[in-house]
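Please examine the sequence and the model displayed below. The paragraphs that follow lead through the fold, its charged pairs and its aromatic rings.

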Amino acid sequence: MAIPLLEYRPKSQNSRVPGYVVPGDDQPIIYSAELLPSAVEWDELIWAAYRQIYSEHQILKSDRQTFLESQLKNGQITVRDFIRGLLTSPAFRRNNYETNSNYRFVELCVQRVLGRDVYNEGEKLAWSIIIATKGIEGFIDKLLDSEEYLDNFGFETVPYQRRRVLPQRSVGETPFNLKTPRYGSYYRGVLGFPKFMYQNQIFTFTPQEKKAKAGDPSLYLNLVRSLKVQEPVAKTPDLGSVNLDMVPYRKR
């Protein structure tokens, strides 16, 4: 029996607050296939989908899904089906699932599919249980079939980061591909990142065969140097007290 999605309390964040937004530089471009785009517009829409799902830093020519692109242009599948194909592709699995934990994978998928940050740790836990019980495909299907996705993007719109523009702020929210680097905050803390090293000492490499072994006198050189030993001072003899008649000498 599959475990249902656990309930979690959504917090009031920017993407959930409706409002009137004046388009600007931070306003995302919406790509939709509802208006039967031209060949050039099809290429822009497909590139936007790659950029949203794969992230700009992971797009390789060998990872393109040409068969899905052909089906999309011919009207055989919807944009949502194309997004599902990208999310279940070997390239996405290799670059995102196999190199991260389930919690990190949930965070990446929610950002790229639903266009928002995860609400809290409870949402990460709820979706990670879906991954553990239904697998990646079941998790992706549940995201794409959710009411939140259908209400915001439907069947023919490429997902985008929602409500980047914040009131009374000159700059909107940071894009997801810059906000979530390759390693999460937990793993950066484990690895000790970021590291700032300032050193004035020059380190030299000594091969293993040239390193001093146990019992080598050179290992105790620093110990000997640390000992405070007073060197004996030679005294100058007093020649005035010497009896010259008692000094042997060679007679001729």
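The N-terminal end of helix 6 is capped by Asn 120, which places a side-chain oxygen 3.1 Å from the backbone nitrogen of Gly 122. Helix 6 covers residues 121–144. Helices (H or I, at least four residues) and strands (E, at least two) are taken here as DSSP runs, numbered from the N terminus. The model is predicted, so that local features need pLDDT of at least 70 and side-chain atom pairs count only at pLDDT 80 or more, whereas totals for chains, interfaces and linings use all residues. Residues are numbered from 1 along each chain as its sequence is written, and side-chain values use heavy atoms, with hydrogens and water left out.

The protein chain as a whole contains 10 helices and zero strands. Of its 252 residues, 33% count as buried. Buried means under 20% relative accessible area, exposed means over 50%, and partly exposed lies in between, with a 1.4 Å probe and protein chains only.

The charged side chains may be considered next. The structure holds 14 salt bridges, a salt bridge being a side-chain nitrogen of Lys or Arg within 4 Å of a carboxyl oxygen of Asp or Glu. One of them joins Arg 94 and Asp 63, with an N to O distance of 3.1 Å. This pair links distant parts of the chain, 31 residues apart: Arg 94 belongs to helix 4 (residues 90–97), while Asp 63 lies in the loop between helix 1 (39–53) and helix 2 (66–73). Arg 94 is partly exposed at a relative accessible area of 38%, whereas Asp 63 is buried at 6%.

Glu 137 is partly exposed, with a relative accessible area of 38%, and Arg 93 is partly exposed at 28%.

Within helix 3 (residues 79–87), Asp 81 and Arg 84 are three residues apart, about one turn of the helix. An α-helix has 3.6 residues a turn, so residues three or four places apart point the same way. Asp 81 and Arg 84 form a salt bridge whose closest N and O atoms are 3.2 Å apart. Asp 81 is partly exposed at 27% relative accessibility, and Arg 84 is buried at 18%. Both residues belong to a network of salt bridges that also links Arg 80, Asp 141 and Asp 145.

Helix 5 (residues 102–114) contains Gln 111, which is buried at 1% relative accessibility. The side chain of Gln 111 makes a polar contact of 2.8 Å with the side chain of Asp 117. A polar contact is a pair of N or O atoms within 3.5 Å; within protein, one must be able to donate a hydrogen and the other to accept it, and residues adjacent in sequence count only if both atoms are side-chain atoms. Helix 5 also holds Cys 109, which is buried at 0% relative accessibility. Cys 109 and Phe 139 are 30 residues apart in sequence and 9.5 Å apart in space, C-alpha to C-alpha.

Phe 139 leads on to the aromatic rings, for it forms one aromatic cluster with Phe 92, Tyr 97, Phe 105 and Trp 127. Rings of Phe, Tyr and Trp (its six-membered ring) pair if their centres lie within 6.5 Å; planes under 30 degrees apart count as stacked, over 60 as edge-to-face and the rest as tilted. By this rule there are eight aromatic pairs. Among them, Tyr 97 and Phe 105 are edge-to-face, at 5.2 Å centre to centre and 75 degrees between the planes. Tyr 97 is partly exposed at 26% relative accessibility, whereas Phe 105 is buried at 1%.
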